[in-house]
Amino acid sequence: MTSPIMPADRSLAPLFKPAEIGAFTAPNRIFMAPLTRSRSEAKSATQTGLHALYYSQRAGGGLIVSEATQISQQGQGYTWTPGIFTDAQVESWKPVTDAVHNAGGRIFCQLWHVGAISHPVFQPDGGQPVSASAWTPDGEAFVGDRHEDGPKVPFQQARALRTEEIPGLIEDYRHAARCAAQAGFDGVEVHCANNYLIDQFIRSGTNDRDDQYGGSVENRLRLMDEVVAAVCEELPADRVGVRLSPQGGPGGTSDAHPGETYPAAARKLAGRGLAYLHVIRPNSHTGGGDREEGEKIVRDMREAFDGPFIANGNFDPAEAARWIERGDADAVTFGRLFLANPDLPERIAADGPYNEPDEDTFYGGGAEGYTDYPTLEKVEDKLPA
């Protein structure tokens with residue numbers, strides 16, 4: 001391994017210490033957060049050469065977590081998002097993982113099922129989306145050109161997933177984990193956050209079931225527990241991460257007692273030798289929430305989990321370094337900052353300057369606002385002598 005970078009601002013040094021994360025050593029603690037960019041092929045949900053360039057440009061991060069990637073057709077909720085359940089999708093991801101590895105990086109695939117945050121245009125045979133219980137999310141589904149009233153249309157009511165359907169759902173996660181390994185990913189992150197399907201089971205606001213998956217906190221955590229266990233049967237546990245979000249997410253619901261529920265989830269995940277637990281604190285990009293209360297929950301989750309802990313939630317480098325220095329996190333994932341600055345570790349080491357993200361190009365489109373953000377080296381080349 002190369003020697004750690006020494007930043008110009010020594011207070012940022014904690015970000016540049018190597019970290020043991022599951023099966024590998026990350027050269028720094030500046031990780032790339034999962035970022036949906038809506039540039040996959042619409043019909044096949046496959047990746048392209050543009051994705052290989054995008055991810056390889058950002059391989060200097062200690063770890064890349066891929067954009068959310070649906071585990072099945074039922075799991076899709078947005079247009080132009082990728083899958084990891086067909087042979088064609090596996091083949092399309094291989095050039096991406098190869099490009100990241102050739103650039104010296106590491107990449108995990110985020111396994112995703114949106115649950116109710118979908119629309120019949122994405123569902124097999126145009127059926128209802130599924131959730132923990134019958135529920136109509138607030139807001140609109142991003143359907144692109146799949147609906148005559150698009151690109152956004154109101155969500156429709158999701159139906160409760162039947163108890164006898166849950167083993168098949170778990171098998172979908174298991175199959176997706178196998179596919180991710182075949183595609184060359186270094187590991188997977190099970191997406192249990194942001195009020196998507198597994199989180200819909202966890203949250204009391206979306207789960208009023210009366211079977212073994214509803215009611216008590218223990219029951220509401222059961223699906224998460226069983227999915228993670230199944231994925232760990234396909235991959236070594238030290239190549240499996242989990243993402244949780246105590247507050248925020250699409251659809252407009254929450255948990256009545258997040259300060260009890262989510263530390264309990266962290267304890268449930270302890271003792272397995274997982275690669276990491278990735279937790280989102282309240283922030284303006286994920287529906288907000290009380291910042292002080294939310295950060296206390298995150299610290300309690302850190303205490304409850306026995307492995308590497310990754311924090312996320314609109315951090316700037318200085319605050320991220322303080323969290324790591326205090327031991328509140330082992331690494332921090334950056335989203336928009338990494339989106340606009342492909343060489344983010346070098347930018348942080350140099351104390352900027354930073355490119356500003358162009359929100360008009362976040363979702364959909366081609367290279368513009370995706371692979372054309374300049375590196376610091378290119379910016380300096382343009383400066384007058």
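Visitor: How many aromatic pairs does the ring-centre rule give?
Guide: The count comes to 13 aromatic pairs, and please keep in mind that this is a predicted model. Phe-201 and Tyr-213 form one of the pairs.

Visitor: What makes Phe-201 and Tyr-213 an aromatic pair, and which kind of pair is it?
Guide: Two rings pair if their centres lie within 6.5 Å, and here the separation is 6.3 Å centre to centre. Planes over 60 degrees apart count as edge-to-face; at 85° between the planes, Phe-201 and Tyr-213 are therefore edge-to-face.

Visitor: Where in the chain do the two partners sit?
Guide: Phe-201 belongs to helix 4 (residues 197-202), while Tyr-213 is in the loop between helix 4 and helix 5 (217-220). They are 12 residues apart, and the pair links distant parts of the chain.

Visitor: Are Phe-201 and Tyr-213 buried or exposed?
Guide: Both Phe-201 and Tyr-213 are buried.

Visitor: Why is the pair of Phe-362 and Tyr-363 called edge-to-face?
Guide: The ring centres of Phe-362 and Tyr-363 are 6.2 Å apart, within the 6.5 Å limit, so the rings pair. Their planes stand at 85°, over the 60 degrees required, so the label is edge-to-face.

Visitor: And why does Phe-362 count as buried?
Guide: Buried means under 20% relative accessible area. Phe-362 has 6% relative accessibility, so it counts as buried.

Visitor: Which residues form an aromatic cluster?
Guide: Tyr-54, Tyr-55, Trp-93, Phe-185 and Tyr-370 form one.

Visitor: Which residues of helix 7 and helix 8 make the contact?
Guide: Helix 7 contributes Pro-258, Gly-259, Tyr-262, Pro-263, Ala-266 and Arg-267. Helix 8 contributes Glu-293, Ile-297, Asp-300, Met-301 and Ala-304.

Visitor: How do helix 3 and helix 6 cross?
Guide: The axes of helix 3 (residues 166-182) and helix 6 (residues 222-234) come within 9 Å and cross at roughly 35°. The crossing is right-handed. Among the residues that meet there are Leu-169 and Tyr-173 in helix 3 and Val-227 and Ala-230 in helix 6.

Visitor: What makes Asp-125 exposed, and what is its phi?
Guide: Exposed means over 50% relative accessible area, and Asp-125 has 86% relative accessibility, so it counts as exposed. Asp-125 has a positive phi of about 60° although it is not a glycine. Its place is in the loop between strand 5 (107-112) and strand 6 (130-131).

Visitor: Why does Pro-374 count as partly exposed?
Guide: Pro-374 has 26% relative accessibility, between 20% and 50%, so partly exposed is the label. Pro-374 lies in the loop between helix 11 (344-349) and helix 12 (376-382).

Definitions and conventions: Residues are numbered from 1 along each chain as its sequence is written. This is a predicted model: local features need pLDDT of at least 70, side-chain atom pairs count only at pLDDT 80 or more; totals for chains, interfaces and linings use all residues. Side-chain values use heavy atoms; hydrogens and water are left out. Rings of Phe, Tyr and Trp (its six-membered ring) pair if their centres lie within 6.5 Å; planes under 30 degrees apart count as stacked, over 60 as edge-to-face and the rest as tilted. Helices (H or I, at least four residues) and strands (E, at least two) are DSSP runs, numbered from the N terminus. Buried means under 20% relative accessible area, exposed over 50%, partly exposed in between (1.4 Å probe, protein chains only). Contact means heavy atoms within 4.5 Å. Axes are lines fitted to C-alpha atoms, for helices over the stretch in contact, and angles run from 0 to 180 degrees between N-to-C directions. A crossing is left-handed if the near helix is turned anticlockwise from the far one by less than a right angle, and right-handed if clockwise.
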